[in-house]
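I opened my notebook to look up which charged side chains pair up. Here is what I wrote down.

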Amino acid sequence: MDVTTVVRFAAYTRVLTLVLQATFNAVIPDHTADAFSPPRAEEARLLDPAAETLLGGLSRWDAEHFLFIAERGYLYEHNFAFFPLLPLSLRAVAATLLQPLGGWLTVRGRLLLAVALGNSALFLLSAVALYGLGRLVLGERRLALLASLLFCLTPANVFFAAGYSEGLFATLTFGGLWLLERGCVLRACLVLALATGARANGLVNAGFLLYLPLQWGLAWARAVRKDAGVTGRCLCYTWIALRFLLTAALGTAILTLPFGVFQYYGYWTFCTPSLVPEQVSPALLDLARRKGYRVPDATQPPPPWCSRPLPLLYSYIQDVYWDVGFLRYFQLRQAPNFLLATPMAVIIAMAAWSYAAANPALCLRLGLWGKGLKQGSEKPASGFHNPRVFVYVVHATALLGFGVFCMHVQVLTRFLASSSPVLYWFSAHLLLRYEPLLQEEGLWASAEEQQRQNDTGSGIRGSPWRAPYCNPVTRLFLQWRSCSAATRWLLGYFISYWLLGLALHCNFLPWT
């Protein structure tokens, strides 16, 4: 079964990821970085040194913010750049499932263990969700399977393993879109709302809640125009319009609610504070004074952003603390970071160009009408260039443009790898199109079929892929020298970033 293949490969890559990050963390000295490093809340217990040795690589850079919030809550102003769903989830796991380890591990130690176990489980779920979404949208089993297997080798691998929200966000985004494509609109809204509680760019998913119901409504209207009378058509058109407006309004409200609630919590914390310095740990206050971090203080005037017409703490933090804004990153000294993001940008740009070139008329119609059938066929078109992929390509292109012009460009890799399936769909499309080894007869048989062929001696003779069952991506690595140049370039990008991210990020070295 394809799902078993995906889960098995995802599990193998998670185990290998955890082993490699521990190895790299032990072998490579940590770089002295100017990163957030709060004092520990508790004295180390029996198993804490082992937890730091084996899992400490998962707590680098921004992961320290999530762990701090999970342990102590939102204290510093810049902590509000990190959305609450992941810290809440980690704390819940540490306080329930891992509570029996409390005698041997501090809260931080249990949080590190929760990161390793939770993100590994989420990665398996996101791989399965991506496969389900691919089967629905692409309409082609081979493409959906290969895309899900490539996801297991994502260039943003380290961020799906470390204490970052990418894994949680990808699971909720792919799962929510899968539900939406199945027509489960309310459940999709709830899942996508949770994604907004994990990352701010979940707000962009509102576009799917507007576009897909509109597309369905127009398709229904065309069907009604053919079969109903004048009165029936008017009533149906009215019902379709009302249904779309209600779905769009309610869906958008549900999806944006977590963002609004979180911003209100930030406003309440800093603009109407009840906390005084005496209630804060002296060690944390000392860190705030040394680093210039703002803490809520009822004895001081509120920060300047509180008096803005729209007092959004998230926008203020991105502007002041991270210097995020239009073209602010276009500086000569940032050239290495642009180079780091170039492969991802090239793949997404190629995907958009390829889709537009294959479907110029469909793109001009915004994908909202047109049969979308293969010429001379009654079956809907399948593959990457089919009409249902249009909205996903637009979504990925919009994220690409925003990431290049308005963000720290080096985060583009993890930003797109966790937000859009297009990276994996288009990469799988290229492999299937340009790799002759993937055209071999019997390659795409299920595990049970291949084992049956091997047992009876009817498998592919002389092929090293016969005996133990392995998936198509593993087979490409086994015959690397026979692969085409396009395959080597594409898989080389995935694997090099997969490994380099573990080696560099886990030792406080700059990465994406």
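I counted salt bridges first, and the structure holds 13 of them. A salt bridge is a side-chain nitrogen of Lys or Arg within 4 Å of a carboxyl oxygen of Asp or Glu.

The model is predicted, so local features need pLDDT of at least 70 and side-chain atom pairs count only at pLDDT 80 or more, while totals for chains, interfaces and linings use all residues. Residues are numbered from 1 along each chain as its sequence is written, and side-chain values use heavy atoms, leaving out hydrogens and water.

I looked up Arg60 next. Arg60 pairs with Asp30, with the closest N and O atoms 3.1 Å apart. Arg60 sits in the loop between helix H2 (48-55) and helix H3 (63-72), and Asp30 in the loop between helix H1 (2-27) and H2, so the pair ties together parts 30 residues apart in sequence. Helices are DSSP runs (H or I, at least four residues), numbered from the N terminus.

Arg60 is buried at 10% relative accessibility, whereas Asp30 is partly exposed at 39%. Buried means under 20% relative accessible area, exposed over 50%, and partly exposed in between (1.4 Å probe, protein chains only).

Then I turned to Arg108. Arg108 forms a salt bridge with Glu64, the closest N and O atoms being 2.8 Å apart. Arg108 lies in helix H5 and Glu64 in helix H3, so this pair joins parts 44 residues apart in sequence. Arg108 is buried at 6%, and Glu64 is buried at 7%. Glu52, Glu64 and Arg108 are linked in a network of salt bridges.

Conventions. Helices (H or I, at least four residues) and strands (E, at least two) are DSSP runs, numbered from the N terminus.
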